Every structure is written in structure tokens, then in C-alpha cells.
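Look over the sequence and the 3D structure below.

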Amino acid sequence: MESKEKIKIVVAIASFAVLSIFFTAQYRKRRYRKCTQSSCYLHTEPKPQYSFKRVLADNSYSAFKHLKLGESNSETSLHSHPYEAEISALLENAEIEFSFGTESMDLKISDSYVWVETELQLKELADVLSKQRVFSVDTEQHSLRSFLGFTALIQISTQNEDYLVDTIALHDTLDVLQPVFANPSICKVFHGADNDVLWLQRDFHIYVVNLFDTAKACEVLSKPQKSLAYLLETYCGVATNKLLQREDWRQRPLSVEMLEYAQTDAHYLLYIANCLIAELRQHDSENSCCPDDKLRFVLEASRRSNTVCLQLYIKEIEISPGESAASSIISRHLNGQGGISSKACDLQFQDLVRRLCTWRDLMARVHDESLRYVLSDQAIIALADKVPTTQKEICTLISQADLNVDSLSSSSILPSPSPVVCSHLEDFNYLFQDKMGKLDDVFLEILQKHLGPDGSCPLSVFNYAILSKTNLKLTNRLVSKQNGIKNSKQVGQKASRELFVKKFSCKSPVYHNCRIFASDGRLLCYCDRRKLEWYVRRGLAKLVDDNPLAIMLLFEPKGRPEDEDNDFYVQSKKNICVGCGERNHYLRYRIIPSCYRMHFPEHLKSHRSHDIVLLCVDCHEVAHSAAEKYKKKIAAEFGIPLFVQKVVDSREAQVASQLSTSEVNTVEAGVSPLQLRTAAMALLRHGPRMPSKRREELRQTVMKYYGGREITEEDLEKALLVGMSPHERKRLERKKGMSLKHSKGTGFPNKEQESNARSMGTSPIDNALKVDGEGGLNTTKGEACGKQENGNDLEITMEVLASDSNNLSSDRSEMSEMKDMCVMDTDNCESRSQSEGTLDLFYPKSDGNASPKHNPKLSLLGHGPHGKEVVDHLLKEYGEDGIRQFCQRWRQTFVEAIHPRFLPAGWDVMHSGRRDFGEFSVYNPDKKAFAPANG
């Protein structure tokens with residue numbers, strides 16, 4: 001009997017397995033047959049958003065244009081906030097009052113609400129809202145089956161009624177609500193409005209003015225959580241199912257659960273806001289007895305809320321479609337996260353990934369689908385790895401890749417392959433061809449195939465602009481080919497730009513937006529992760545939040561944001577170009593050039609990020625060009641040349657001083673540092689092979705530096721060190737096998753030599769450098785220059801001439817360490833020695849209380865000497881006020897050049913920039929004075 005039972009069990013299991021295999025095979029066959037359909041699925045599967053007659057943000061590669069008020073026709077007005085003045089007035093107004101009158105509000109939600117789906121109902125709602133002093137708002141978005149996403153529902157609640165606005169049915173007429181939302185006398189209550197504000201701009205040109213964000217109030221009150229679910233449970237005793245937020249809000253009619261969820265979110269917001277404002281006022285009254293406490297809690301919550309209103313929606317536009325996604329996929333799998341790291345190094349694999357990402361990006365835009373709906377990252381990796389040859393293999397690979405995804409992820413419930421893939425399987429055969437053109441050609445050909453005159457996909461308000469924009473490019477390209485024109489210069493410029501972006505742009509986000517709170521819970525500033533770790537490692541702070549990271553200081557900081565009357569440091573910052581909003585690449589840009597800022601007093605420059613912004617390559621080029629022009633203006637205004645124009649070996653100058661006047665005049669003294677270095681390098685490398693005439697010209701250039709005497713190969717090698725950066729020195733040592741450790745030490749004239757120098761009319765060097773045993777620098781003050789080491793040390797006297805500096809080249813990237821030079825001013829030295837003292841290129845001015853410090857970044861080839869002289873002059877003539885005004889001039893120059901539209905809130909041309917250092921700061925003067933004493 002037992003054996004019969006076992007046989008039955010085995011037969012049952014086998015039968016089940018056979019049936020499973022059979023049904024799986026049948027499913028795959030049906031799926032494959034469906035995938036082989038050539039007609040686009042949109043012909044038989046219309047989407048709700050295809051009923052929209054107009055869209056403000058389409059799927060093209062053009063920038064989003066904001067609402068234009070008045071009759072301004074400037075391009076700038078289309079990319080600026082139309083209500084910036086009104087919002088700024090609210091931020092400056094210190095008498096904002098909140099009186100919601102919801103103390104007697106019934107917390108029990110009713111089953112009744114007003115479903116708004118006709119234009120008449122919408123106008124009636126606008127009329128009701130215009131008579132309110134306050135109303136609450138929430139939105140529900142849909143992003144899975146849309147490329148940019150769209151608002152599917154707006155919930156609005158007054159003290160008397162709840163409204164659910166069907167934004168799909170009323171999409172083209174919702175501008176009726178624009179005046180109400182922009183009315184500064186009506187307060188709009190949101191929770192976590194950062195995204196809602198942008199979505200309303202994107203879909204309806206609705207701009208929120210006068211906002212109270214309950215999430216910002218939670219920040220000010222240092223609540224343990226700031227989610228709406230937490231507030232609903234804490235103040236109203238209501239629990240909500242946040243999983244409903246991920247439901248498909250396009251469906252009509254909405255389910256009972258979804259309707260209840262939507263009504264709840266907005267219904268209780270007014271009551272919650274009233275409770276939070278009461279707590280804010282209580283904190284204000286409790287702290288009113290503290291004269292040093294300048295923070296007003298209600299005002300701070302209002303200010304942070306209205307700062308959110310200043311945000312502008314930006315449509316992300318890539319340099320090359322799908323490039324960022326492809327780079328991310330390749331980067332992840334180069335690090336071995338995808339299990340095929342060896343394959344990821346293959347250029348063919350990377351090329352296929354880029355092609356597939358380009359195709360996915362274009363298909364998502366054409367069909368108005370999200371990227372993850374069209375084709376998952378896992379499917380792209382599988383296709384690029386296996387390179388299937390048949391349509392059946394393509395479908396099988398995609399299905400298997402998606403099945404391997406975690407079952408909890410949303411992508412696991414999506415059809416695989418997607419309808420987009422099934423409708424356009426023939427594209428993959430084209431994408432996998434070995435002899436395929438560049439990505440630009442792939443893009444244009446696929447686009448023409450799907451949206452051209454005989455295209456397989458229907459045109460819509462979302463994809464029409466893609467075709468119209470690209471047709472012009474395609475036509476221009478065809479005309480160029482027909483005329484035999486090949487613009488190699490443009491191609492070269494594009495390649496150079498892309499290489500520059502890849503090499504020099506920031507490889508990771510600059511702003512981490514971590515938060516630092518004071519011990520009383522007030523926000524002090526936003527900063528990066530490293531600064532937080534610095535405080536935590538030293539036991540000066542404790543971690544209070546993980547996402548995003550936040551710490552609370554365990555000591556009282558030296559200053560608070562309100563002390564500066566500026567909110568720049570208490571605002572989160574976006575990783576975008578402040579000029580045009582570019583998100584895909586950016587570089588740091590110093591508004592005040594380093595050649596000046598490096599010489600500022602410590603308390604005017606340290607840990608101050610106000611004047612360091614992010615710019616894309618194009619804006620960076622414009623800003624840099626304007627800065628270079630303004631430097632020339634500064635040079636002319638102060639009479640301080642931009643460049644060190646000539647240098648001469650001071651030892652040879654001393655010998656020359658003993659010669660007759662006629663002998664000295666036979667050779668013009670001094671030579672440009674760059675000319676000297678170039679000539680010495682050329683003679684060392686190619687001297688014997690040069691034409692004799694050219695060789696003699698270069699020898700004369702180097703001889704000018706040495707006072708006209710004959711030169712040797714050793715002299716040429718020493719001349720290479722003039723103005724050379726430490727990096728170049730090390731590279732030269734490795735390349736030529738030279739040991740520069742002995743030759744780079746600087747010898748200085750002794751007393752006898754110093755008197756000889758004075759007899760020549762040159763000023764003595766007050767501050768000398770000594771090379772210590774470890775190759776570092778020790779500074780001495782008031783001593784005559786000491787002994788020479790090994791007779792190989794160089795002494796160089798600089799002559800700043802009045803000739804035009806525009807014909808001199810400078811290498812901004814090379815910052816010389818100047819350990820081997822003693823540079824003096826020999827031009828107009830009498831007047832300088834009487835009024836200003838010696839021109840010292842090594843140290844900032846000393847007040848006599850502390851030893852001067854050597855600055856290793858000063859360069860003869862750059863603007864370092866010019867910058868130091870300008871700063872020294874400003875400090876001497878005008879003090880720190882002169883430095884502040886100087887900074888304001890540079891900020892104004894930057895603003896006029898770039899016209900930045902995305903500067904962080906609180907950025908100001910008139911920013912003071914001063915900072916006081918606390919007891920733990922490494923820049924604290926007391927700590928600095930104490931350190932050498934203990935050293």
C-alpha cells in the first residue's frame with residue numbers, strides 16, 4: 001500500500017511539472033506572437049493623456065518655457081519666475097499673520113466631497129477659493145506610463161468643503177486657477193511642497209505665491225519626523241495607507257480606497273497647520289525673554305515655506321539622448337555590481353549599451369512612456385552581453401532579465417517585454433549591426449522610421465516637437481552632404497567640448513545637503529558629508545538623522561545664520577548650473593578669482609561657499625572670459641600689471657653693475673619667464689639639430705636672463721626652474737634623471753651683496769626663505785638673506801616694465817611654488833621704497849605681531865603677484881571695507897555676464913563674507929598662536 005501511495009505522489013508531481021512546462025511554453029509562444037506584431041500598440045491602446053489638446057512640457061529636447069507676464073518679449077522672461085517680486089516681498093515682510101480659525105474644526109471626515117470634472121465646476125471652485133483666506137492643497141502624480149509624468153488629481157480643502165479636481169478631464173482649462181494660486185493675500189497650505197510646486201508649473205503654469213509648508217514647520221520645530229503620515233497620526237489620530245500613493249491615478253473611476261486616501265491628505269492639512277503654528281508661537285513667546293535669541297519661529301517657518309515658491313521647473317536635457325543612463329550602467333558594471341565586470345570593459349559591450357539607451361530614450365519620448373516601462377536596465381545589460389540574433393531570443397532574454405529582478409520592485413509587475421519592444425522588435429536587428437554609424441545617425445534614422453511621413457507610430461502633442469526640431473537638423477545635414485561641405489571645425493569643437501566635460505566636470509554631486517543643527521534644534525547650515533564626519537569623529541556632534549544626514553552640535557557655535565541677516569547657508573542647494581540650469585555636468589567656479597582671494601584675511605575667505613557656484617562648460621567659458629576682461633580693468637585702475645614681465649638673474653646683474661654703462665646697454669636686461677623657460681627647453685631638447693639662426697635667437701633669449709654672458713648646459717637646466725610648478729619639477733626629475741633637490745634651494749645675497757644691490761637702486765628683500773633639512777620652508781623676518789648652498793642657488797630679480805602685457809602668454813593651470821627664487825621690483829624702485837616698501841611676492845602684509853607665511857601658490861606665470869599687490873593696496877588704503885567692496889564688484893561682474901537664473905536663495909551681491917571662528921576651528925587665531933608654541 002505504501003508503495004502505491006508513493007507511486008501516486010510521484011505521478012502527481014510529474015504531471016504537475018509537465019503541465020507547468022506546457023503552459024509556460026504556451027505563454028511564451030503567445031507572447032512571442034504578440035511581440036512579432038509590427039503595428040505600434042498605440043493604435044489600439046489609447047492613453048488618457050492623449051486627450052490633452054496642449055502640453056506645456058512636451059517630450060522634445062527643447063527647454064521648458066515659463067509663464068510670461070506683461071508684454072516682455074525677452075528670452076530671459078521665459079526662463080525666470082513670473083512672480084519673483086511678489087514672493088520676495090513676502091520673504092521680506094516681517095508682519096505675516098496666520099489665523100486659520102480651525103480650532104473648532106470637526107476632525108471627523110465626511111463621506112461627501114465635490115468631484116470637479118467640468119469647466120463650469122472649475123470656475124465655481126475658482127470663485128470659492130478667491131474668497132478664502134487659506135486653503136490646503138495636495139496632488140497625485142502618475143509617472144510610470146508617461147515620460148515626464150503628469151498631475152492626475154488635485155485635492156483642495158477649505159474649512160467647509162473638500163474638492164477633488166479631475167486634472168485629466170480639465171487639463172486644458174486649469175489655468176482658471178492661476179490667479180488664485182498666485183494671489184499673495186491667500187495662504188496655500190501644502191505638505192512637502194518642493195515637488196508639488198514644480199509639477200503645477202510644468203503642467204498648468206500655476207505658480208504658488210504665499211505658501212505654508214507643514215514639513216518646513218516640522219523642521220523649525222525639530223520634530224522627530226516630518227512625514228504627513230506622522231502628522232496625521234500625531235495630531236488627528238488617523239492612519240493612512242501610503243501604498244495607495246503608488247496606484248495608477250489615471251484610472252477612472254477611482255476606487256473607494258483611493259478617493260478616501262485623496263480626500264484625507266488635504267482635509268486635515270488646515271488643522272495640522274493650525275496646531276503647528278500654535279507650537280511655533282509658543283516657542284516665540286518662551287524665547288521672547290532672551291534678547292540674544294533672534295530667531296522668530298513663525299517667521300522662520302513662513303520664510304522657508306515661501307522660499308520653496310521661488311523654485312522653477314527645469315526640463316532635464318542631455319547632451320546626447322540616453323548618455324547619462326548608459327554611463328551609469330557601464331559605471332556600475334565596471335565596478336562589478338552586475339556580475340559581468342569583465343564584459344563591461346569590452347568596447348563593443350559599452351557601444352551596445354549606448355545604442356540601446358539611445359533607442360530607449362527616443363522610444364520613451366515618442367510613446368510617452370517612462371524609461372523603466374520601455375526597457376529595464378537589466379534587460380539592456382542582458383542584450384548587450386548576449387547580442388541575440390533572432391526576435392525570439394530577444395524576447396526571451398528580456399523576459400528572463402526582468403524575472404531576475406527583485407519581486408518586490410515595481411518593475412516586476414510590468415509586462416515583459418513591454419508593448420513598445422513588441423511593436424518595434426525589428427529595431428534591435430538594426431541596433432546590433434556591426435557596421436552601424438554614429439549615435440547621431442542612429443537617432444535620426446530611428447526617428448524618421450517611427451515619426452516620419454511613413455512612420456509606424458502616431459503623432460501626438462508629446463512627440464510632434466521632436467520631429468519638427470529634428471527635421472531642420474536633418475535637412476541641414478543633407479544639404480551639407482550634397483554640397484560637399486564638411487565642417488571639420490564644428491566637429492572638432494564638439495569633440496573637444498565633450499572631452500572637456502568628461503575630464504573636468506564634477507564626477508559626483510557637489511552639494512550633499514547634509515544638515516547641522518544647534519543644540520537647541522535650530523538649523524545652522526547645510527554642508528557636505530565630510531564636514532559632518534569631521535564633527536562626529538571629534539565627538540563634537542551626534543547623528544540625529546540618516547536620510548538626509550543630519551547632526552546636532554554638542555557645543556554652542558560661535559555664530560548663527562540670523563546673526564548675518566542672511567539665509568544663504570540655511571538653504572539646500574541643487575547640483576545644477578546656476579546660469580542655465582544644466583544638470584548633467586557642471587564645474588565649480590570661483591566668482592572672485594583665486595589670485596585675489598588667496599591673499600584675503602582668513603576670516604574673509606575660510607569656509608565661505610557663497611562665492612563658489614556651479615556652472616556648465618558653456619556658462620563657465622562666458623564667466624571666465626568676463627573675469628579676464630575685468631582683471632585687465634583692475635590692472636589699469638590700480639596701475640598694477642597682470643604679469644611679471646621680465647626676470648633677470650640677480651647675481652649676473654651684480655656683475656653687470658661693475659661694468660661700464662655702454663657695456664650694460666649692449667644687452668637689454670631681463671626676459672619674460674615663459675619665453676625663458678620655452679627657450680631653455682627647446683635648446684636642451686633640439687639644440688644641435690636646430691638651424692643655426694634659430695638656435696642663436698634662443699641663446700640670446702636665455703643670455704638676457706644671465707646678464708648677457710655665455711651660457712652652459714647647466715645654465716639651461718637651471719633656467720627651466722624659473723616659474724616651474726612642483727608637479728613639473730617632479731616630472732622633469734623622472735624624465736631627465738635630474739636631482740633638483742639641491743638646485744631648487746634658494747640662496748640670498750649676503751650683506752655685501754645686499755649693499756651692492758642697493759647701489760644698483762634695488763630694494764632689499766625683507767623676508768627670506770630658508771630651505772630646511774626636509775625640503776620645507778622656514779620663514780625669518782628682518783634678516784639679511786643668508787648663505788648659498790653648493791653654489792647652485794638662483795637669485796632672480798624681477799623687473800616690472802610698463803610695456804603692453806597683452807602679447808605675453810600665461811598658463812593659468814601652472815601655479816609655481818617659488819622656492820627657488822628671490823624676486824625684487826627694480827622699476828620705479830625709489831618711489832616704492834619710500835612709500836610702500838619692498839615688493840614682496842611671497843608673503844601677505846604682516847602687522848608685526850606674527851611671522852609672515854610663505855604662500856606656495858604664487859606663480860610668476862600667472863596673476864599671483866598682481867593679485868597680492870592689489871589686495872595689499874586695498875587693505876592699506878581702505879581696510880577690510882575695501883575688500884568687501886572689491887568682492888561686490890566681482891559679484892556684479894558675474895551677474896552681468898551670466899544673468900544667473902538658478903542662484904541659491906539668499907545669494908546676494910552685497911554679502912559681507914566675514915566669519916568668526918569658534919574655539920574648535922582650525923582657523924581660530926588663538927589656536928594658531930598656541931600651536932607653534934607647543935611645536
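## The buried side of helix 24

The buried residues of helix 24 include Val617, Cys619, Ala623, Ala626 and Ala627. Also among them are Glu628, Tyr630, Lys631, Ile634, Ala635 and Phe638. Buried means under 20% relative accessible area, exposed means over 50%, and partly exposed lies in between (1.4 Å probe, protein chains only). Helices (H or I, at least four residues) and strands (E, at least two) are DSSP runs, numbered from the N terminus.

This is a predicted model: local features need pLDDT of at least 70, side-chain atom pairs count only at pLDDT 80 or more, and totals for chains, interfaces and linings use all residues. Residues are numbered from 1 along each chain as its sequence is written, and side-chain values use heavy atoms, with hydrogens and water left out.

## Length and end of the helix

Helix 24 covers residues 617–638, which makes 22 residues. From first C-alpha to last, helix 24 reaches 31 Å, close to the expected 32 Å. That expected span is 1.5 Å times one less than the number of residues. Glycine 639 follows helix 24, and its phi is positive, near 70°.

## A salt bridge within the helix

Glutamate 628 and lysine 631 meet through their side chains in a salt bridge, at 3.3 Å from N to O. A salt bridge is a side-chain nitrogen of Lys or Arg within 4 Å of a carboxyl oxygen of Asp or Glu. Both residues belong to helix 24 and sit three residues apart, about one turn of the helix. An α-helix has 3.6 residues a turn, so residues three or four places apart point the same way. Lysine 631 counts as buried because its relative accessibility is 8%.

## Salt bridges across the chain

How many salt bridges does the structure hold? There are 37 salt bridges. One of them pairs arginine 252 with aspartate 166, with the closest N and O atoms 2.8 Å apart. This pair links distant parts of the chain, 86 residues apart. Arginine 252 is in the loop between helix 7 (228–236) and helix 8 (256–267). Aspartate 166 is in the loop between strand 4 (162–165) and helix 4 (178–182). Arginine 252 is partly exposed, at 31% relative accessibility, while aspartate 166 is buried, at 6%.

Arginine 515 forms a salt bridge with aspartate 545, and their closest N and O atoms are 3.0 Å apart. Arginine 515 lies in strand 7 (residues 514–517) and aspartate 545 in strand 9 (residues 541–546), so the pair ties together parts 30 residues apart in sequence. Arginine 515 is buried, at 7% relative accessibility. Aspartate 545 is partly exposed, at 30%.
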